[in-house]
Amino acid sequence: MAISSQQTVLIMLTLLAALSIGFLMLIITLRVQYNRRHAYENHLKDLWEPMVIAYLSDEVSDADITAAVGDGRRAKDVFARLISEYLTNLRGEERDKLVVLASSTGLTSHELNALRKNAPWRQAVAAVRLALMGDRQAIPALRDSLYDRSPLVQIASADALATLEDIDSLEPVAAVVLTQTEWNRLKTAEILVAYAKIAPARLLPFAFDASIPASRRALVIEAMGEVNYRQAETVLIDYARREIDPELKTAIVKYAGLVTALEAVDFLVEKTKEDDWLIRSQAAKSLGSIADPVAVPVLISLTRDPVWWVRYQSATALANILPEGLLALEEAAKASPDRFARDIAGQALYEAGEWQERAA
Amino acid sequence: MPLRQIVLGLIVGYDAFVLAYFLLLNGTYIAMNFISFASVRSYVGEMQAVRYEEIFRSSFYQPISVLSPAYNEEQTVVSAVQSLLQLKYPEFEVIVINDGSTDKTLELLIEAYKLKKIPRTYAKKLDFEPIRAIYASPDFPELIVIDKVNGGKADALNAGITVSKYPLFCTLDADSLLERDCLLKVGRPFIEHPDVVAVGGIVRIANGCDIQGGEVLKIGVPRSNLARFQIVEYLRAFLFGRVGWATMNALLVISGAFGLYKKSTVIAAGGYDTHNVGEDMELVVRLHRHLLAHRQKYRIAFVPDPVCWTQAPEDFKTLGKQRSRWQQGLSEALLSSKQMLLNPRYGLVGLLAMPFFFFMEMFGPVVEFTGYFVFLVSWYYGLVSPFFALLFLGAAILLGVVLSTGSLVLEEMTFRRYPRLGDLMILFAYSILENFGYRQLHTWWRLRGLVNALLGKHSWGEMERKGFSPPA
């Protein structure tokens, strides 16, 4: 049976209308569902927030709150979110109380269930919350999650174990986070800093482990610098004098600046002569952090470096060494035979003046 | 064979070509939608486990130079800078580049921020017109203003990159309005993955929003029909198009209104091309070319939630000019890297993204425009049955509706930036209406842009700015 043009138009219009109505209904349904969920969650939050505040001032017991929250999964989700917000912002005794509340209201087991079986993002959220709740019973499950298929879950679990200061997890965590270059650099660095705070000596061997990519070993070294672990200084400086990856050398130069060890000045002066400008500029910056007047002549010579960034870091470092560096900088701005050195000295002096005004 | 028959044969052949083109284009769009849908949903889930305050406190962030080129922007420049200075990021500088404005752009900045000339050195690795002076503000130490001889937006950006101090730079339009935490969001991929060289963020239409003190306080829909069409268009382009291509690491466009780049890589690739109207796309295409040619591992990403708000033109003349200019820029960018086209050396970019953009986005307006015409002729001569013609037209409209409303559904399932259901309904209506007239007009503007590119015409076409003010 042939279809006429009019019928075709009619069919098309009907299809268009049906499709439009379908999408419209979908959008409305999504919005209505969202609004309902939002209203329900706000209602619960309004109900429980005063109870939590009362609990913190011992006016309400955890049994009262457990009874109010009940066993419903959605209600527990809302409560877990509320408690996590408080745990993020509170410190001291109040925080400790909430940790107890989280455990007694069954939030830890609720989040442990979420960690075991869920969408990756929900598993990651569970790991974050378990870390906030500080319940060490979660450690075995978090260790298992280190081997989850999703990198999101792996890193969240590693982060949680570091937050829980589980020193025994250092090796499995490091085995996972340090061997994969694709991994989240920021989180890896933060995890390493967390472990460096509690056991820097156990972190040190990873800096020399040739099976780990240099970029990751550099993060280990920086983490030790961040926590001012000065005991690694000699061994790292010796290591940096060998033929090693420039990224590692830069990290050790940065470490020396972070731990501000006067003993490292000779080493840093040596590194200002490296061919790699990244190492030279980092050495200048580290010398500025240590602020030893001995470094002034070498920093002045670096204001004539062919690379602008090295000149800038050197001039800024000089402005940090008071008063010798600043005086040398003023002299360079007026009388250096090199135009670039004069200009960069002028800029550093201007910026130093501005900072001093701001500090005042 | 009589001439008439030859012509008719050609017309039938062209009809078949248009049909095949249509199927391929829409097939790709739909595939892209599925990819984007999965990608955006997974991103939104992932964000639930991210705590941005950690990035803010972390010592592993990378400082950012925000570059805002300004040419005759006296209407918006002071409020735009005010908004930029309120950004939430551990360490950043705002560099406004006054590109030889002939109005009071510079004077207003000097007055508003008590600017003073400062000594500032830089290593000149890119070409740009001479810098007259560099200013700083004693009250806002993170603000730098460069006054230079006029050379166009790309030239101004090259000057900004050169003077900038930090390893990452963010490019903006002078009337872009960034949400406070957007640098944290757009900067995250750089901190997480060292191989990221560029990241684009979503640009949304500010018309109809309540904006005060350089901040969007309430999101709404404007009264202007043209601006409403553009909201739907932007949602489709950013939520579907860019997310999809970025998932395959084949994103060819990062909007000039909002993008973050690794400075050393951009300098190594030669900076912005000052002879290209679409300097933003040209740079991204060239980054791909440069990095793939040097066999470097890299990633060009797109993050769908750091928002940059921009003003959309509300009159046909300005919008037409803008769209022609965009198409011209796209065409010039693609033509300048045509060696990548279907070249296996350039991987997915050469084999998939370039051919798609070249044949579908660049020449799309030609096929679409001639397609309408040839189809009418075919119908008139009875070469295609009315049934088939209507079926084709209907299918085109239906697919258009699916693609547009699909982006609204995705928006509703993820970011829900329009709080009022009424506003959503308006956008829904416009996502259907745009298929009847607006899309065809858009095709005409794009065709004009393509012709300009092929003829080598160069006109930047100034935009008329209205300034950010509360909605009427």
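The side chains of A:E351 and B:K165 meet in a salt bridge, with N and O 4.0 Å apart, where a salt bridge is a side-chain nitrogen of Lys or Arg within 4 Å of a carboxyl oxygen of Asp or Glu. Side chains of opposite charge can pair when their charged atoms come close. The model is predicted, so local features need pLDDT of at least 70 and side-chain atom pairs count only at pLDDT 80 or more, whereas totals for chains, interfaces and linings use all residues. Residues are numbered from 1 along each chain as its sequence is written, chains are lettered from A and ligands numbered from 1 in the order in which they are written, and side-chain values use heavy atoms, with hydrogens and water left out.

**The interface of chain A and chain B**

- Across this interface the rule finds 2 salt bridges, and it also finds 7 residue pairs in polar contact, both residues being at pLDDT 80 or more.
- A polar contact is a pair of N or O atoms within 3.5 Å; within protein, one must be able to donate a hydrogen and the other to accept it, and residues adjacent in sequence count only if both atoms are side-chain atoms.
- On the side of chain A that touches chain B, at least two residues each come from α1 (5–56), α6 (120–133), α8 (151–163), α10 (185–198), α12 (214–226), α18 (308–320) and α20 (339–359) of chain A; helices (H or I, at least four residues) and strands (E, at least two) are DSSP runs, numbered from the N terminus.
- Of these helices, α1(A) gives the most to that side, with 17 residues.
- By class, the side of chain A that touches chain B has 29 nonpolar, 7 polar and 13 charged residues, where Ala, Val, Leu, Ile, Met, Phe, Trp, Tyr, Cys and Pro count as nonpolar, Asp, Glu, Lys and Arg as charged, and the others, Gly among them, as polar.
- In terms of contact (heavy atoms within 4.5 Å), 49 residues of chain A meet 53 residues of chain B.
- The area buried between chain A and chain B is about 4,500 Å², and carbon and sulfur atoms give 69% of it; buried area is the accessible area (1.4 Å probe) that two parts lose on being put together, summed over both.
- A:I27, A:R31 and A:L186 supply 16% of the area that chain A buries against chain B, more than any other three residues.

- Helix α13 of chain B (residues 386–413) has 28 residues, which at 1.5 Å a residue should span 40 Å, and its end C-alpha atoms are 39 Å apart, which agrees; the expected span is 1.5 Å times one less than the number of residues.
- Because 20 of the 28 residues of α13(B) are buried, the helix is largely enclosed by the rest of the structure; buried means under 20% relative accessible area, exposed over 50%, and partly exposed in between (1.4 Å probe, protein chains only).
- B:E411 and B:R204 meet through their side chains in a salt bridge (2.9 Å, N to O), and this pair links distant parts of the chain, with B:E411 in helix α13 of chain B and B:R204 in strand β8 (residues 196–205) of chain B, 207 residues apart.
- B:E411 counts as buried at 1% relative accessibility, and B:R204 is buried with a relative accessible area of 3%.

**Other salt bridges**

- Over all chains, the count by this rule comes to 40 salt bridges.
- In chain A, A:D343 forms a salt bridge with A:R339, their closest N and O atoms being 3.6 Å apart; the two are 4 residues apart in helix α20 of chain A, so about one helical turn separates them.
- In chain B, the closest N and O atoms of the salt bridge between B:D155 and B:K148 are 2.5 Å apart, and both B:D155 and B:K148 are buried.

**Loop residues and backbone features**

- B:N435 lies in the loop between α14 (421–433) and α15 (438–455) of chain B, and at 3% relative accessibility B:N435 counts as buried.
- The side chain of B:N435 makes a polar contact with the side chain of B:R439 (2.9 Å).
- A cis peptide bond, with omega about 0°, joins A:L322 and A:P323, and A:P323 is found in the loop between α18 and α19 (324–335) of chain A.
- B:R416, in the loop between α13 and α14 of chain B, has a phi near 45°, a positive value in a residue other than glycine.
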